[in-house]
Amino acid sequence: MAKMSSPSETERCIESLIAVFQRYAGKDGNSCKLSKTEFLTFMNTELAAFTKNQKDPGVLDRMMKKLDVNCDGQLDFQEFLNLIGGLAVACHDSFTTSRKYV
């Protein structure tokens with residue numbers, strides 16, 4: 001019998017993203033999508049530092065609208081990943097920019 005290797009760091013990250021999405025999706029009905037309320041709960045819990053640093057109270061509403069590509073008022077997993085990817089790119093850019101001046 002073949003021995004199962006433990007998941008790689010990247011595989012664990014993917015599993016974590018799926019688990020986080022599933023933790024917040026479905027409280028309002030559809031377990032495959034985040035409602036606006038679920039999105040706000042996710043943002044205020046998982047990305048609290050980002051949310052608290054926003055001066056404009058409408059920023060989360062605008063983010064939701066921009067991420068909601070199919071305009072159904074909810075975020076599916078692909079739309080959720082667009083948020084995560086955008087944040088990861090912004091963090092990466094910030095990190096690489098700050099390293100240039102070290």
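Buried means under 20% relative accessible area, exposed means over 50%, and partly exposed is in between (1.4 Å probe, protein chains only). The model here is predicted, so local features need pLDDT of at least 70 and side-chain atom pairs count only at pLDDT 80 or more, while totals for chains, interfaces and linings use all residues. Residues are numbered from 1 along each chain as its sequence is written, and side-chain values use heavy atoms, with hydrogens and water left out.

**Exercise 1. Sort Phe21, Phe80, Val89 and Cys71 by accessibility.**

Step 1: Take Phe21, which has a relative accessible area of 5%, so Phe21 is buried.
Step 2: Phe80 comes out at 1%, so Phe80 is buried.
Step 3: Val89 has 49% relative accessibility, so Val89 counts as partly exposed. You'll find Val89 in helix 5. (Helices are DSSP runs of H or I with at least four residues, strands are runs of E with at least two, and both are numbered from the N terminus.)
Step 4: Cys71 has 64%, so Cys71 is exposed. Look for Cys71 in the loop between helix 4 and strand 2 (75-76).

**Exercise 2. Describe the ring pair of Phe21 and Phe80.**

Step 1: Rings of Phe, Tyr and Trp (its six-membered ring) pair if their centres lie within 6.5 Å; planes under 30 degrees apart are stacked, over 60 edge-to-face, and the rest tilted.
Step 2: Phe21 and Phe80 sit 5.2 Å centre to centre with 55 degrees between the planes, and the pair is tilted.
Step 3: Phe21 belongs to helix 1 and Phe80 to helix 5, so the pair ties together parts 59 residues apart in sequence.
Step 4: Zoom out: the structure holds five aromatic pairs, and ring pairs join Phe21, Tyr24, Phe42, Phe77 and Phe80 into a cluster.

**Exercise 3. How do helix 2 and helix 4 cross?**

Step 1: Axes are lines fitted to C-alpha atoms, for helices over the stretch in contact, and angles run from 0 to 180 degrees between N-to-C directions. These two axes come within 11 Å and cross at roughly 120 degrees.
Step 2: Helix 2 and helix 4 are therefore oblique to each other. (Under 35 degrees is roughly parallel, over 145 roughly antiparallel, 65 to 115 roughly perpendicular, and the rest oblique.)
Step 3: Among the residues making the contact are Phe39 and Met43 of helix 2, and Met63 and Leu67 of helix 4.

Definitions and conventions. Contact = heavy atoms within 4.5 Å.
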